Amino acid sequence: MGIVAGLDSSSGSTRIVVCDADTGAVLRQGYAPHPVEAKSPEADPQVWLLSLGEAAAGGLLEGVQAIGVSAQQHGLIPLDAQGSPVRPALLGNDKRAQVAAADLVDALGGRQAWAEAVGSVPQAPQPVAKLRWLARNEPESAQRTAALMQPHDWLVWQLLGRPARRTTDRGAASGTGYWSAVTGSYRPDLVELALGHHAALPEVLGPWEAAGTTPEGLLISAGTGETMAAAFGLGVGVGDAVVSLGASGSVMAVHHEGLADSSGLITSFADATGMHLPVVHTLNAVRALRGTADLLGTDLDGLSDLALKSSPGAYGLVLLPYLEGERTPQLPHTAGTLSGLRRDSMKPEHLARAAFEGMLCSLADAMDVLRARGVQVRRVFLLGAAAELPAVQAAAPPIFGTQVVVPQPAEYAALGAARQAAWALGVSQGTLAPHTPPAWQGAAAQVLEPGDELAVGQAVRQQYGATRDQIHPGAFGGA
């Protein structure tokens, strides 16, 4: 069918993969960092274009027929009536809108009202909360705001030469806080509630639709957010969950319908295929491992080696890893707890084991929030550098109670964007049906089974759960 490209504009860099449109085989790759301050809550969108140009240098895109765009989520680019940014983009790591998010919850009548409206309760990263912050803190910028875009929307628009038509996709739109994945429609009244007036919103495209074609004939697909693109690149489907091990953690799963969750534990995203992608976040994952490693004077590899010298259950030690407070369960002001100290358990290897088990049990709790809402989990994809640690691979299958897949490191968000480009190209050429994405080969991966350790994992979870419920009774009472 041809050659396609996927580009992922993340918070720190642009990565491009050029792929065979039929098989997904990677032919070429490009990379360039963003010339921005790390961890800054704001950025000039032009730096994303500069990074894109650098990543595509040297004829990387020669022969490419279609491009898909993945980009960091929860960014907000407010535009004036002429289409120019009224201020630097507000990024997903911006925490300044926490009070604004709480204000919005009250303004609509509570968490249940938001869950029913858009499938999620406002959080600081979401564009709807950023709009409220902008209206309260920069009223002149807010007044000049005539249109709203997110990073992937803006990049697609730039690649197409800034046409009158502005587009987005279901995945990115579902993270705004003013588009519902359940109804498939915007809630412009929520934009007005947050910003104080109407603002133009991009047209939401279907997964296989093209945003347009450049004058040179290059097709640009709808694009999507990084999370959705990575899921598409991995090839996950119904019955699959993806557990991401970063400093914080997340569990997402493919589901046939959107979920309205008044507790706020579930964020109901749309995916890049027409399905839904409910996500549950934890505030503490690998940061609990790093903290324990620091305490024991080692690194993550050393911590893993220590943990494997212990045994499941860590001689009764239980670490509740709520070091930064916790989002799942909702315990924002709590601290971590180490329980079960006895003379024979006070050894470095048992503490190391408790750290791994605590992190994984906390993520299993998050997974149970989804399961309680009818989400099937028959297989877990484990992502992040920590997924390669032997202690994680030993403990994860029995604790999660299911097969665990550890994919080889790859640019999955960029691959998902390229796969979407191949889909749009195939539909435009009549070689693919709108509801049938290209059947690319799945991610190369290591597959781990719980095997005979399943009962052991259940015992570890029972020990963890008993400690959690004793110290934080009713923590999951509303889940």
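**Note on a predicted model**

1. **Tyr315.** Start in the loop between helix H11 (300-307) and S20, where Tyr315 lies. This is a predicted model. Tyr315 is not a glycine, yet its phi is positive, about 55 degrees. Most residues other than glycine have a negative phi. Is Tyr315 buried, partly exposed or exposed? Its relative accessible area is 46%, so Tyr315 is partly exposed.

2. **Arg162.** Look next at the loop between helix H6 (151-159) and strand S9 (167-169), which holds Arg162. Arg162 also is no glycine, and its phi is positive at about 55 degrees. The relative accessible area of Arg162 is 36%, so this residue counts as partly exposed.

3. **The loop between S20 and S21.** Strand S20 covers 318-320 and strand S21 covers 337-339; Leu323 sits in the loop between them. Pro329 is found in that loop too. The peptide bond joining Thr328 and Pro329 is cis, with omega about 5 degrees. Most peptide bonds are trans.

4. **Leu323 and its contacts.** Leu323 has a relative accessible area of 40%, so it is partly exposed. Which residues does Leu323 contact, leaving aside neighbours within four places in sequence? They are Asn284, Arg287, Ala288 and Gly336. His333 is 10 residues from Leu323 in sequence. From C-alpha to C-alpha, the two are 9.7 Å apart in space.

5. **Ser362.** This residue lies in helix H12. Its relative accessibility is 1%, and buried means under 20%, so Ser362 counts as buried. Residues up to four places away are not counted in what follows. Ser362 touches Thr282, Pro321, Tyr322, Glu326, Thr328 and Tyr464. Thr328 is the residue joined to Pro329 by the cis bond.

6. Strands of a sheet pair through backbone hydrogen bonds, either parallel or antiparallel.

7. S18 pairs with strand S19 (residues 276-282) in the antiparallel sense. There are 5 bridges between S18 and S19. Ala270 stands opposite His276 in S19.

8. **The hairpin of S2 and S3.** Strand S2 (residues 13-20) and strand S3 (residues 26-33) run antiparallel and are joined by 7 bridges. Ile16 stands opposite Gly30 in S3. How many residues lie between the two strands of this hairpin? There are 5 residues between S2 and S3. Gly24, in the turn, has a positive phi of about 85 degrees.

9. **Helices H4 and H8.** Helix H4 covers residues 127-137 and helix H8 covers residues 188-195. Their axes come within 7 Å and cross at roughly 35 degrees. On the H4 side, the contact is made by Val128, Leu131, Arg132 and Ala135. These meet Leu190, Val191, Leu193, Ala194 and Leu195 in H8. By class, the contact has 8 nonpolar, no polar and 1 charged residues.

10. **Helix H9.** Why is H9 (residues 226-234) called largely enclosed by the rest of the structure? Because 7 of its 9 residues are buried. They are Met228, Ala229, Ala230, Ala231, Phe232, Gly233 and Leu234. Gly235 follows H9 and has a positive phi, near 85 degrees.

11. **Cysteines.** Cys19 has 0% relative accessibility, so it counts as buried. Cys361 is also at 0%, so Cys361 counts as buried. How many disulfides does a search of the whole structure find? The search finds 0.

12. In an unreviewed entry, UniProt lists residues 241-425 as "domain: Carbohydrate kinase FGGY C-terminal". That span is 36% helix and 22% strand. Its end C-alpha atoms lie 28 Å apart.

Conventions:
Residues numbered from 1 in each chain as written. Predicted model: local features only at pLDDT ≥ 70, side-chain atom pairs only at ≥ 80, totals over all residues. Heavy atoms only, no water. Helix = DSSP H or I, 4+ residues; strand = E, 2+ residues; numbered from the N terminus. Buried < 20%, exposed > 50% of the residue type's maximum accessible area, 1.4 Å probe, protein only. Contact = heavy atoms within 4.5 Å. Pairing = 2+ DSSP bridges. Disulfide = S-S within 2.5 Å. UniProt positions renumbered as here; feature names shortened; annotations may be inferred. Axes fitted to C-alpha atoms, helices over the stretch in contact; angles between N-to-C directions. Nonpolar A, V, L, I, M, F, W, Y, C, P; charged D, E, K, R; others polar.
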